[in-house]
Amino acid sequence: MDEKHDDIRGKIRGHDYRADISADLPFRKWLYSWLFDPKIEFNYQKDVENWIALLIVANLMALLFEQVPQIHDPNAHLFHIFDVFSVIVFSIEYLTRLYVAPEDEEFNDGNKKALPYFRYIKSPFAIVDFLSVAPFYLQAFLPIDLRMLRFLRLLRILKIFRVLIPAYQEFVATNKGRTFRQKMHALVFPSDFGGSLHGLFDTFIVVWVIISVVCVVLESVFSIEYILHIQFIIIDAMAVGVFTVEYCMRLYCCVEEPGFEHAVTGRFKQAKSSSSLIDFLAILPFFLEIFLHHLMDLRFLRVFRLMRLLKLTRYTGATSTLTKVIGRELPVLGASAFIMLLLVILTASLGYLFEHDAQPEKFDNIPQSIYWAVITLASVGYGDISPITTGGRIMTIFLALLGIGIFAIPAALLSSAFTDQLRIERETLTNALYEMLSDGVISEEEAEIINKEAKRLHLSEEDVNRLIDKARKERELKDDVSVLPLHKIAATSEHAIEHYRVLMSQIRMLGIMTDREKFELIAVKNSRLTPEELALWRQIQNHESSPSS
């Protein structure tokens, strides 16, 4: 049983679970199994691919900034160090893949020993890997100017296809026989058909959101914007292009989502959803500035590009949980907001009453006093407006103390409700685990569901293991007839039979351990048992004591 549940934890733990690779394998086979074999679960193959992909993206950013003399010239040595580091990593990767090529089924058909190496060298990925580092070595060892070959470093970007192609092949196999719209839906919406490619698509959008927002923030720094003005324009145009294509794809294939099936109303329903409105507002300023700039100055709309940051809410479960909390507590929040509004108006009115004559320029009217009332009740107190009369100061003391409690109500409500919602969702996960453990085994699909839920609920490995133990114990208790209520025992024939056997065994043990004569005497004398019950008792005991039993 413990080994079974250790295996369950291993599936859920993901990469923390060590792959089953024997240390007695030949070194080359052992190295390939740990680093590059995609068929072995829980090895380092995905980690290697992900780190290489990050290094490729970093190289792309370095190549872009190299074209800006104001950035490259003062930091040329840092660019060179990063280039050397990248070449070393890519060279090690190339040589390691070349070394383990005979272990890869793609390059080894079991014939000649040298053939796998040759097949690997002439493969498209290997050619790209070689050309991406070749300019560095040529420039280092040949005394000629090879700067014109430095553009070949752009080929490093093509290495990203080493991650994309397997994901694409998996996506094609999973969606075989489905329509184009269904395939697009699997790509942009979470489903059972998206696979790794859907995850890469989400990562691509997230990266562009972060790049776009960082550029918007840096544009506000004059010294940086002056140097990278053209680059910021290009990046913004590319980001808008990416977000526009994503927005159109979602509108096109949303009819495959449950509840959005109708061609017109389904797309309209999708367009007015909160996530789609955020997507639309993320690209709207760009197009308004392009088409309406000759009518009015719309540069102020650029700040709304920060709305793109809200696109990230689609990729985290915390915001959906908070939305549920706000929706559930909306009536209570509305009541507390009403109380706060009354308190603000009362405070502003009293402030105007006490301070108008002493400070007519600051407490000119009640609407102007609302600003002072809010910052006072919220315990901010900037000090730009403050009472100077005795009555005003006394009133401010009491209202400020009252505001501490009243203005804290919404925060306390949200905090309590958020914790309660997390508890509910974790109990839901526990119930799901309870059902998954009914057969004693958690499949790969079930493990993937648990991993996604654990990530959404920000559960650590220890938390998940605790939930598994809790669900396992509850499942064991359910199977223990002795702790079930009688109506649940009666609902299942197997449980009823087991309970009957337990009771019969207890009656027999009672007959052995008690004084039977005294038992029957008290039962008859005090009428504690009916004649039928006493007859059944005697029959069981006589059957138990008979030689044939």
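Helices (H or I, at least four residues) and strands (E, at least two) are runs assigned by DSSP and numbered from the N terminus. With that in hand, the protein here has 24 helices and zero strands. This is a predicted model, so local features need pLDDT of at least 70 and side-chain atom pairs count only at pLDDT 80 or more, while totals for chains, interfaces and linings use all residues. Residues are numbered from 1 along each chain as its sequence is written, and side-chain values use heavy atoms, with hydrogens and water left out.

Let's begin with the whole protein. Of its 549 residues, 34% count as buried; buried means under 20% relative accessible area, exposed means over 50%, and partly exposed is in between (1.4 Å probe, protein chains only). Contact means heavy atoms within 4.5 Å. Take the contacts with a separation of 6 or more: residues 24 or more positions apart account for 61% of them.

Now zoom in on helix α2 (residues 27-35), whose buried residues are L31, Y32, S33 and W34. What covers them includes α3 (45-66) and α5. The C-alpha atoms of V87 and S132 are separated by 8.2 Å, though the two are 45 residues apart along the chain.

Next come the charges. Side chains of opposite charge can pair when their charged atoms come close. The cut-off for a salt bridge is a side-chain nitrogen of Lys or Arg within 4 Å of a carboxyl oxygen of Asp or Glu, and the structure holds nine of them. One joins R97 to E49, with the closest N and O atoms 3.3 Å apart. R97 lies in helix α5 and E49 in helix α3, so this pair ties together parts that are 48 residues apart in sequence. Both R97 and E49 are buried.

There is also a network of salt bridges, linking E246, R250, D279 and K311. In it, E246 bonds with K311, the closest N and O atoms being 2.8 Å apart. E246 lies in helix α12 (residues 229-253) and K311 in the loop between α14 (274-292) and α15 (317-355), so the pair ties together parts that are 65 residues apart in sequence. K311 forms a salt bridge with D279 too, again with the closest N and O atoms 2.8 Å apart. Since D279 sits in helix α14 and K311 in the loop between α14 and α15, that pair ties together parts 32 residues apart in sequence. D279 is buried, with a relative accessible area of 1%.

What about the rings? Rings of Phe, Tyr and Trp (its six-membered ring) pair if their centres lie within 6.5 Å; planes under 30 degrees apart count as stacked, over 60 as edge-to-face and the rest as tilted. By this rule there are 12 aromatic pairs. In one of them, the rings of F363 and W372 have their centres 5.4 Å apart and their planes at 75°, so the pair is edge-to-face. F363 is buried at 0% relative accessible area, and W372 is buried at 2%. Elsewhere, Y94, F107, Y120 and F130 form one aromatic cluster.

Last stop: N175, found in the loop between α8 (161-174) and α9 (180-188). N175 is buried, with a relative accessible area of 0%. Leaving out residues up to four places away in sequence, N175 touches K183, A186 and F193.
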